[in-house]
Amino acid sequence: MAFLADSLARVKPSATIAVTTKAAELKAAGKDVIGLGAGEPDFDTPDSIKDAAKRAIDEGKTKYTPVDGILALKQAICDKFKRENSLTYTPAQVSVGTGGKQILYNAFMATLNPGDEVIIPAPYWVSYPDMVLLAGGEPVAVEAAIESAFKITPAQLEAAITPKTKWFIFNSPSNPTGAGYTRDELKALTEVLMRHPHVWVMTDDMYEHLAYAPFVFCTPAEVEPGLYDRTLTCNGVSKAYAMTGWRIGYAAGPAALIKAMGKIQSQSTSNPCSVSQYAALAALTGPQDFLAERLAHFRRRRDLVVGMLNAAEGLECPLPEGAFYVYPSIKGLVGKTAPSGKLIATDEDFASELLEVEGVAVVHGAAFGASPAFRVSYATSDEALTEACTRIQRFCASLV
Ligand SMILES: Cc1ncc(COP(=O)(O)O)c(C=O)c1O
């Protein structure tokens, strides 16, 4: 449509949201569908957080707040960074936005000039390249191959850096693979970055609390304090506290960058929802014991899904260190034909035929920049996962 902006032609809609929507439509039409597409915990927001939100409403905390967050929440975020990541920030170095998504978007909008490059390990979270494109930058994908456990090497990072590189995006544990970099692996990447002072680090630590022992979460500015002045450490309450709908994300970094991000937010959405900010404050300052309980559930589900998918003909499913995703390769199935006569030439063919035949919704790997594979979100019940994996096994076995 000629009326629409040219920039829109550069981006595509979120594939994960598309699959979730399609699965919901099929379900509503009466089809027996198991959705493994959505990237959100199936657990409810803890009661202590809900209660804090109800109190905020009753106390009239329903008006505009400072654009990038109330001071009490910013202070709680500083305390969290100190407590959990040994990072020292002041409230002036903290920005709160409408979800982790807005925080990342603000950061790109505030920093990218046309032609600026952003290094993104692939497979990547679907929104990174499109956000970069919307902000006028150039995404540069670096392959994190299954053979290297979905992690990039220092040599790959070094080779991808050019004079135009502005940001390196780091996401560990990762969406969509669940891969997590050990401290030594991250240290080796930060050594490369120390040699290139013009490159900034945007670390998306959204899955910090979904890390399975013996894997231990770590973040770039903590591992290499020399990067502190050019690192934006992003996080949020969506995944850890089962608060996806409340829309609160945050970041900490150099005050000048934080101020610039606030400027973008002040002319777009203004403050994130006031009630949600008080809920997030309760999340960060309240009891944390449920995190370990929920992690144990996710770990059991991870092991269940990895076991069942590796038992499926033609699938190879690495064991992830974190998050609630697995990313099995379908290399062994490409070129086969489904009973319907449909050729499985791509992972998109695989995902659409699987949905059609067995009613299991997964997201095809091309959406994450790495094929042929698909992503399973195991943030659902053991029963649903067992049934879904049984159907996937049956589907794989039916391909000839
Ligand atoms: C890696 C990653 N970063 C950021 C986000 C965005 O989180 P939020 O829901 O807080 O916007 C997600 C959500 O799926 C994610 O997977």
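This is a predicted model: local features need pLDDT of at least 70, side-chain atom pairs count only at pLDDT 80 or more; totals for chains, interfaces and linings use all residues.
The surroundings of the ligand were then examined. The ligand has 13 residues around it, and the closest are Asn175, Asp204, Tyr207, Ser238 and Lys239. Among the contributors to this shell, helix H4, which covers residues 99-111, gives the most, with three residues. The ligand takes up the space of the largest pocket.

Two threonines were considered in connection with helix H4. Thr98 is placed in the loop between strand E2 (94-97) and H4. Thr98 counts as partly exposed because its relative accessibility is 27%, a value that falls between the limits of 20% and 50%. When neighbours within four places in sequence are left aside, the contacts of Thr98 are with Arg247 and Pro272. Glu185 is 87 residues from Thr98 along the chain, and the C-alpha atoms of these two residues are separated by 32 Å.

Thr111 lies within helix H4 itself. Its relative accessibility is 16%, so Thr111 counts as buried, the limit for that class being under 20%. The side chain of Thr111 is joined to that of Trp167 by a polar contact of 2.9 Å. Trp167 is also one of the residues that Thr111 touches when those up to four places away in sequence are not counted; the others are Asp116, Lys166 and Leu257.

A further position, Gly178, belongs to the loop between strand E5 (165-170) and helix H7 (183-194). Gly178 has a relative accessible area of 0% and is therefore buried. Apart from neighbours within four places in sequence, Gly178 is in contact with Pro173, Pro320, Glu321, Gly322, Ala323 and Tyr325. Pro272, a contact of Thr98, is 94 residues from Gly178 along the chain, with 28 Å between the C-alpha atoms of Gly178 and Pro272.

Conventions:
Residues are numbered from 1 along each chain as its sequence is written. Side-chain values use heavy atoms; hydrogens and water are left out. Helices (H or I, at least four residues) and strands (E, at least two) are DSSP runs, numbered from the N terminus. Buried means under 20% relative accessible area, exposed over 50%, partly exposed in between (1.4 Å probe, protein chains only). Contact means heavy atoms within 4.5 Å. A residue is near a molecule or strand if one of its heavy atoms lies within 4 Å of it. On a 1 Å grid over the protein atoms alone, a cavity is a set of points where a 1.4 Å probe fits but cannot get out, and a pocket is an open set with protein on both sides within 12 Å along at least five of seven lines; lining residues have an atom within 4 Å of a point. A molecule sits in a cavity or pocket if more than half of its atoms lie within 2 Å of its grid points. A polar contact is a pair of N or O atoms within 3.5 Å; within protein, one must be able to donate a hydrogen and the other to accept it, and residues adjacent in sequence count only if both atoms are side-chain atoms.
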